[in-house]
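Work through the following exercises with the sequence and the model at hand. Each task is followed by a solution in steps.

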Amino acid sequence: VGRIMGLQYPAGKDIQDMAAKGKENIDLPIAHTDNDFDFSFSGLKSAVLNYVHHHQQVDQEYDRNDLAASFQKAVVKAIYDKTKLAIEEFSPKQLLLGGGVAANIALRRSMEKLAKEYGLDLTEAPIELSGDNAAMIGAAAYLNFQDGIFSDLSLNAEPSLNFPVM
């Protein structure tokens, strides 16, 4: 979405700053998937792309701050809704917020509200450690490279690993 809006990568901070100046007045879809706990924002990205292309085709200006605010609202709402559903399904004791998206202030406020509503402890990664995930993976890979740690071609991602509760 940042690229669609002509922003530099990573665009999260710019979108957040623009959203603070805009109005949430553009109707964008809230991401839904067949699995209650999966995320897909492809439909949302397509909606933003279509919105921008339509305005370009009819030579009509649009408020980029409003688009940023509306996009941010749709993303935060989707994450809020899925997290609430997971809380109700699994009754956790704690809520964790990490990764690049954890730097978004609107999402942090949303998760703080949700944690309070359900009486959960909320642990948020510090904003200064919530950078771009690809950069963090690259940094970890570089450190492994320096230490001579390599993987063969059988290495694969396992997004559903269980982590022990500390």
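**Exercise 1: a residue in a helix**

Leaving aside neighbours within four places in sequence, His-55 is in contact (heavy atoms within 4.5 Å) with Gln-60, Glu-61 and Tyr-62. The model is a predicted one, in which local features need pLDDT of at least 70 and side-chain atom pairs count only at pLDDT 80 or more, while totals for chains, interfaces and linings use all residues. Residues are numbered from 1 along each chain as its sequence is written, and side-chain values use heavy atoms, with hydrogens and water left out.

Solution. 
Step 1. Helices (H or I, at least four residues) and strands (E, at least two) are DSSP runs, numbered from the N terminus.
Step 2. The classes are buried under 20% relative accessible area, exposed over 50% and partly exposed in between, with a 1.4 Å probe and protein chains only.

**Exercise 2: backbone exceptions**

Task: find the cis peptide bond, then describe Asp-59 and Ser-91.

Solution. 
Step 1. The bond from Tyr-9 to Pro-10 is cis, with omega near -10 degrees. Pro-10 lies in the segment before α1.
Step 2. Asp-59 is not a glycine, yet has a positive phi of about 55 degrees. Asp-59 sits in the loop between α2 and α3, and its relative accessibility of 73% makes it exposed.
Step 3. Ser-91, also not a glycine, has a positive phi of about 45 degrees. The loop between α3 and β1 (94-97) holds Ser-91, which is exposed at a relative accessible area of 57%.

**Exercise 3: a helix pair**

Task: determine how α1 and α3 are oriented and which residues meet.

Solution. 
Step 1. Helix α1 (residues 12-21) packs against helix α3 (residues 64-90) at an angle of about 110 degrees, and the axes are 7 Å apart. Axes are lines fitted to C-alpha atoms, for helices over the stretch in contact, and angles run from 0 to 180 degrees between N-to-C directions.
Step 2. The angle therefore makes α1 roughly perpendicular to α3, a class that covers 65 to 115 degrees.
Step 3. From α1, Ile-15, Gln-16, Met-18, Ala-19 and Lys-21 meet Arg-64, Asn-65, Ala-68, Ala-69, Phe-71 and Gln-72 of α3.
Step 4. This contact of α1 with α3 has 6 nonpolar, 3 polar and 2 charged residues. Ala, Val, Leu, Ile, Met, Phe, Trp, Tyr, Cys and Pro count as nonpolar, Asp, Glu, Lys and Arg as charged, and the others, Gly among them, as polar.

**Exercise 4: the second largest pocket**

Task: give the volume of the second largest pocket and describe its lining.

Solution. 
Step 1. The second largest pocket holds about 1,200 Å³ of space. On a 1 Å grid over the protein atoms alone, a pocket is an open set of points where a 1.4 Å probe fits, with protein on both sides within 12 Å along at least five of seven lines; lining residues have an atom within 4 Å of a point.
Step 2. There are 32 lining residues, and Ala-11, Gly-12, Phe-71, Gly-100 and Val-101 are the closest to the centre of the second largest pocket.
Step 3. At least two lining residues come from each of α1, α3, α4 (105-118) and α5 (133-146); α3 supplies the largest share, 5 residues.
Step 4. By class, the lining has 18 nonpolar, 10 polar and 4 charged residues.

Conventions: Angles under 35 degrees count as roughly parallel, over 145 as roughly antiparallel, 65 to 115 as roughly perpendicular and the rest as oblique. Grid points are joined across faces, edges and corners, and a volume is the space filled by probe spheres set on the points.
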